[in-house]
Amino acid sequence: MEAQAWEYIARIDDIGGAVAAIEAGYQTDEIEQAAYEYTKSIDDGERVIVGVNRFIVDGEPDPEVFPIDPELQRTQVERVKRFRASRDQAAATAALADVEAAARGTQNLLPPMKAALAAHATLGEVSDALRSVFGEYRPH
């Protein structure tokens, strides 16, 4: 396994490093290929997923996945509003601007992200700052 990891790292180095590989879409292509192979192995029956490709019960309705309790949703929204109201908004806004600036540049994103969270920016706000620069992944 270690040898395979080093071979993989060498391929990325041959492309010009991690940033060049990301820009070339190498990692995205690798993830998509692995997802394709995984799905194909299920479809072909090589990989057994009980209830998906084996031991399927006909006529049963599909279960509701992750039903959201409206009351839980309402209380969580209120909790986030109170959290935001209790923070230093100027500090949170400045920290989120630092995250966005770091994303536009070449510096490590972790320190400004950590600072934004310490300034009580929400994970959603940090994600929004990153999305404003990088966009959202859309498989092609």
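What is the relative accessible area of Glu100? Glu100 has a relative accessible area of 27% and is partly exposed (buried means under 20%, exposed over 50%, and partly exposed in between, with a 1.4 Å probe and protein chains only).

This is a predicted model, in which local features need pLDDT of at least 70, side-chain atom pairs count only at pLDDT 80 or more, and totals for chains, interfaces and linings use all residues. Residues are numbered from 1 along each chain as its sequence is written, and side-chain values use heavy atoms, with hydrogens and water left out.

The structure holds 7 salt bridges (a side-chain nitrogen of Lys or Arg within 4 Å of a carboxyl oxygen of Asp or Glu). Among them are these:

| Pair | N to O distance |
|---|---|
| Glu71 and Arg74 | 2.6 Å |
| Arg87 and Glu125 | 2.7 Å |
| Glu100 and Arg104 | 2.8 Å |

Glu100 and Arg104 are 4 residues apart in helix α5, so about one helical turn separates them (helices are DSSP runs of H or I with at least four residues, strands runs of E with at least two, numbered from the N terminus). Arg104 is exposed, at 55% relative accessible area.

Glu71 and Arg74 lie 3 residues apart in helix α4 (residues 70-85), again about one helical turn. Glu71 is partly exposed at 40%, and Arg74 is partly exposed at 45%.

The side chains of Arg87 and Glu125 also form a salt bridge. Arg87 sits in the loop between α4 and α5 (89-104) and Glu125 in helix α7 (residues 123-134), so this pair ties together parts 38 residues apart in sequence. Both Arg87 and Glu125 are buried.
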